[in-house]
Amino acid sequence: MPSEQSYRKRTMTQPIQQLTDEHGRIRGMLSCFEAQLDRFERAERPDYEILEGSIAYCQEYLDRWHHPREDALLELLQRRAPPEAGACAELEELHLRLARTTGEVVKVFEEVERDAEYSRARLVEMGRILVDDYRRHLDWEEANFFPALRGHLLPEDWREIAPRFADASDPLTQSPIDQRYRILFSALDEP
Ligand SMILES: [Fe+2]
């Protein structure tokens, strides 16, 4: 039977595990998205469903749920450990920047769908900026932000934040999967 201590430890780190698992799926999505940018660059036909699914995932799940949950954790860290929170203060700005870049990618993607030939190079350029920013950001969070949370938040903080992690789940883990993410989801499984 698990001890009280191991139960508490699991409860405390469960949100970080959830975020880390999502980071794994985000990295998978970025690779699929990047493969479609490569196709654009080689003047081949990309899989529009993967492009659309990736963009929808960024806007509808990451910007709306994943990043706000991390922002809420930063608020708790500010309360518990101001110097460590200060070192992570750029987090919210980085999240806003990712949302802005995603918005730019959406605009250019819509132009490409309207068949504006000149927009293809712009989509590749903006898409690569988004992929690079995301990868850097995930690495930074895992190296700096998550360890600070693990080190400084108290059991009552994890209890307080728990409902924020229960109100919406990663659409890439849902069954049946939303139609918009179906092809992206299958592509995540490919080597
Ligand atoms: Fe994150």
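This is a predicted model: local features need pLDDT of at least 70, side-chain atom pairs count only at pLDDT 80 or more; totals for chains, interfaces and linings use all residues.
Which residues in α4 meet which residues in α5?

1. Contact of α4 with α5. On the α4 side, the residues are L91, L94, R97, L98, T101, T102, E104, V105, V108, F109, E111 and V112. On the α5 side, they are S119, R120, R122, L123, M126, G127, I129, L130, D133, Y134, H137 and F145. By class, this contact comprises 13 nonpolar, 5 polar and 6 charged residues.

2. Geometry of α4 and α5. The two axes approach to within 9 Å and cross at roughly 160 degrees. Because angles over 145 degrees count as roughly antiparallel, α4 is described as roughly antiparallel to α5. The crossing in which α4 passes α5 is left-handed.

3. Geometry of α2 and α4. Helix α2 covers residues 48-80 and helix α4 covers residues 91-113; their axes come within 10 Å and cross at roughly 165 degrees. This angle makes α2 roughly antiparallel to α4. Here too the crossing is described as left-handed, with α2 passing α4.

4. Contact of α2 with α4. Helix α2 contributes L51, I55, C58, Q59, D63, H67, E70, D71 and L74. Helix α4 contributes L91, E92, H95, A99, T102, V105, V106 and F109. The residues of this contact divide into 9 nonpolar, 4 polar and 4 charged.

5. Buried positions of α4. Four residues should be noted as buried in α4: L91, T102, V105 and F109. The buried residues of this helix pack against both α2 and α5, the latter spanning residues 119-152. As background, an α-helix has 3.6 residues a turn, so residues three or four places apart point the same way.

6. Length and end of α4. At 1.5 Å a residue, the 23 residues of α4 should span 33 Å, and the distance of 33 Å between its end C-alpha atoms agrees with this. Following α4 is D115, which has a positive phi, near 80 degrees.

7. Position of P83. This proline lies in helix α3, residues 82-87. P83 counts as exposed because it has 8 C-beta neighbours inside 10 Å, and the cut-off for exposed is 12 or fewer. From C-alpha to C-alpha, P83 and L19 are 23 Å apart in space, with a sequence separation of 64 residues.

Note on methods
Residues are numbered from 1 along each chain as its sequence is written. Axes are lines fitted to C-alpha atoms, for helices over the stretch in contact, and angles run from 0 to 180 degrees between N-to-C directions. Helices (H or I, at least four residues) and strands (E, at least two) are DSSP runs, numbered from the N terminus. Angles under 35 degrees count as roughly parallel, over 145 as roughly antiparallel, 65 to 115 as roughly perpendicular and the rest as oblique. A crossing is left-handed if the near helix is turned anticlockwise from the far one by less than a right angle, and right-handed if clockwise. Two residues are in contact if their C-beta atoms, placed from the backbone, lie within 7 Å. Ala, Val, Leu, Ile, Met, Phe, Trp, Tyr, Cys and Pro count as nonpolar, Asp, Glu, Lys and Arg as charged, and the others, Gly among them, as polar. The expected span of a helix is 1.5 Å times one less than its number of residues. A residue is buried if 20 or more other C-beta atoms lie within 10 Å of its own, exposed if 12 or fewer, and partly exposed in between; C-beta atoms are placed from the backbone.
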